[in-house]
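Hello,

Here is the structure I promised to pass on to you. Please open it alongside this message, and I will walk you through what turned up.

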Amino acid sequence: MKKLVYALVAMASLMFVSCEKEQNKSVPVPPSVASLEVDLSSFSQASTKAGDSSLDEFFTFASTQVLQNWMTIYEKIINLPVYAYNLVINSEPTPSGNGYVWNCSYKDSFGQTYEVNLYGENVGERVNWQLNVSKKGLLGFEDFTWIEGWSSIDGKNGQWSVRVSPMDTDVVVKSDWSSSAEGKVERVKLTYTLNHLCLGINPFFNGSYIEYLAEATDPAYDSSITANYNHMGEAFWTVLLEWNSQNGAGRVQSQNRFGDSSWHVWAPRI
């Protein structure tokens with residue numbers, strides 16, 4: 001009887017270990033590329049009511065002084081690794097070590113070839129991610145870890161760290177993100193982490209952040225941004241933006257800029 005009990009316990013243990021191994025072998029789902037960027041497309045399409053200079057002033061402040069630095073950071077510094085990530089997550093994963101790998105290659109406008117590998121591995125309640133990029137030919141490099149981070153097993157939240165380049169391996173941007181039950185990224189907070197000059201971005205911008213939410217405090221709007229950034233190397237300013245992605249109406253709040261805590265509104269597109 002004892003032997004039978006021991007055998008049943010051993011079998012149950014084996015089944016548990018086997019199931020656990022099968023769980024660990026499940027293919028993780030890469031986070032959406034939206035977890036690495038703040039989508040400003042709907043905001044950039046917003047326009048002010050023609051002929052009203054006061055409304056134009058509010059929109060201009062929001063679109064140029066507040067968002068321009070982040071547009072520069074994206075276009076000049078992190079655009080390439082984010083582009084590579086967006087390409088590779090559309091490939092088919094294959095087993096690699098204790099996890100899976102996604103592979104792709106592409107050529108840039110100069111004909112330079114890039115090889116991209118994304119590694120994903122389930123570790124406890126998280127998936128660890130690592131994006132390695134190699135470039136062939138002139139100024140080539142091998143297996144540079146351009147982006148790394150983690151996401152929760154359920155895909156509801158995570159964090160990324162993006163490095164500048166193979167020549168400057170410091171982390172330039174950290175992204176904290178979360179998504180809805182349907183998997184749509186609804187919150188992204190990008191924080192600038194460099195303390196030295198990089199492609200025109202001054203070191204005093206270090207610590208600045210921009211946080212996007214797919215909601216607003218007023219039902220007339222459906223998107224919002226909180227930006228905290230160093231203004232002219234003198235002090236950190238906080239700016240709140242809310243807008244309607246359908247008609248372009250919006251408003252901005254900044255004690256530093258306007259000297260009050262009021263919302264300053266611009267009109268919808270007409």
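Below are some notes on a pocket, a core and one serine.

Please keep in mind that this is a predicted model.

Let's begin with the largest pocket, which holds about 400 Å³ of space. It is lined by 19 residues, and those closest to its centre are Lys76, Ile77, Leu80, Tyr114 and Trp146. By type, the lining divides into twelve nonpolar, two polar and five charged residues. Helix H4 (68–88), strand S2 (99–107) and strand S5 (141–152) each supply at least two of the lining residues, and H4 gives the largest share, with six.

H4 turns up again in the largest nonpolar core. That core has 61 residues, and Tyr85, Tyr192, Ile225 and Leu241 are the ones that touch the most other members. H4 contributes the largest share of this core, eight residues. To see the surroundings of Tyr85, look for the residues it touches beyond four places in sequence, among them Pro30, Val33, Leu118, Ile147 and Trp160.

Lastly, have a look at Ser134, which lies in strand S4 (residues 126–135). Is Ser134 buried or exposed? Its relative accessibility is 3%, and the cut-off for buried is under 20%, so Ser134 counts as buried. A polar atom of the Ser134 side chain lies 2.8 Å from the backbone nitrogen of Asp143. Setting aside neighbours within four places in sequence, Ser134 is in contact with Thr113, Tyr114, Glu115, Phe141, Glu142 and Asp143. Tyr114 is also one of the residues closest to the centre of the largest pocket.

Happy exploring, and best wishes

Definitions and conventions: Residues are numbered from 1 along each chain as its sequence is written. This is a predicted model: local features need pLDDT of at least 70, side-chain atom pairs count only at pLDDT 80 or more; totals for chains, interfaces and linings use all residues. Side-chain values use heavy atoms; hydrogens and water are left out. On a 1 Å grid over the protein atoms alone, a cavity is a set of points where a 1.4 Å probe fits but cannot get out, and a pocket is an open set with protein on both sides within 12 Å along at least five of seven lines; lining residues have an atom within 4 Å of a point. Grid points are joined across faces, edges and corners, and a volume is the space filled by probe spheres set on the points. Helices (H or I, at least four residues) and strands (E, at least two) are DSSP runs, numbered from the N terminus. Ala, Val, Leu, Ile, Met, Phe, Trp, Tyr, Cys and Pro count as nonpolar, Asp, Glu, Lys and Arg as charged, and the others, Gly among them, as polar. Buried means under 20% relative accessible area, exposed over 50%, partly exposed in between (1.4 Å probe, protein chains only). A polar contact is a pair of N or O atoms within 3.5 Å; within protein, one must be able to donate a hydrogen and the other to accept it, and residues adjacent in sequence count only if both atoms are side-chain atoms. Contact means heavy atoms within 4.5 Å. A nonpolar core is a set of buried Ala, Val, Leu, Ile, Met, Phe, Trp, Tyr and Cys residues joined through side-chain atoms within 4.5 Å.
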